Amino acid sequence: MATKSPVKPPVPPVQQPARDDGGSVVLERRTQKVKPPQMYQVVMLNDDYTPMEFVVVVIQEYFSKDLETATQIMLKIHLDGKGVCGVYTKDVAATKVDQVLEAALKAGHPLQCISEPVE
Ligand code: TYC
């Protein structure tokens, strides 16, 4: 004769909706697990040799700025020693830096730029 194996109580599934006192089903609030990515700013540095016109063209071309905005950014760099050209995810910022350095090298200008995490 077959004997019945003892019935185990069902294991409650993880993350079941909870019940409040009134018998209604409520969803528990969960802490946000997904954070926005760390952003990086591309900072262009001043030097005494790169022509202003070249810097303006580079800012327009690689940072999608109009002539007026690019000119303002270039003048800020010229006066303050450095300036932010744009803010991107890490990979995009690194690509922008590469593009600017390659364009400067090709044109024979010492223009430098870096990317750094935004605080
Ligand atoms: N200082 C340069 C000049 O007087 C112009 C310049 C501006 C160079 C911005 C670099 O990132 C720069 N010709």
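1. Among contacts in the protein chain (heavy atoms within 4.5 Å) between residues at least 6 apart in sequence, 63% join residues at least 24 apart. This is a predicted model: local features need pLDDT of at least 70, side-chain atom pairs count only at pLDDT 80 or more, and totals for chains, interfaces and linings use all residues. Residues are numbered from 1 along each chain as its sequence is written, and side-chain values use heavy atoms, with hydrogens and water left out.

2. The protein chain has three helices and five strands, which are DSSP runs numbered from the N terminus (helices: H or I, at least four residues; strands: E, at least two). From the N terminus on, the order is β-β-β-α-α-β-α-β.

3. Of the 119 residues in the protein chain, 25% are buried; buried means under 20% relative accessible area, exposed over 50%, and partly exposed in between (1.4 Å probe, protein chains only).

4. Beyond its neighbours within four places in sequence, Ile59 is in contact with residues including Met44, Ala70, Ile73 and Cys85.

5. Leu79 lies in helix α2 (residues 67–80). Leu79 counts as exposed because its relative accessibility is 67%.
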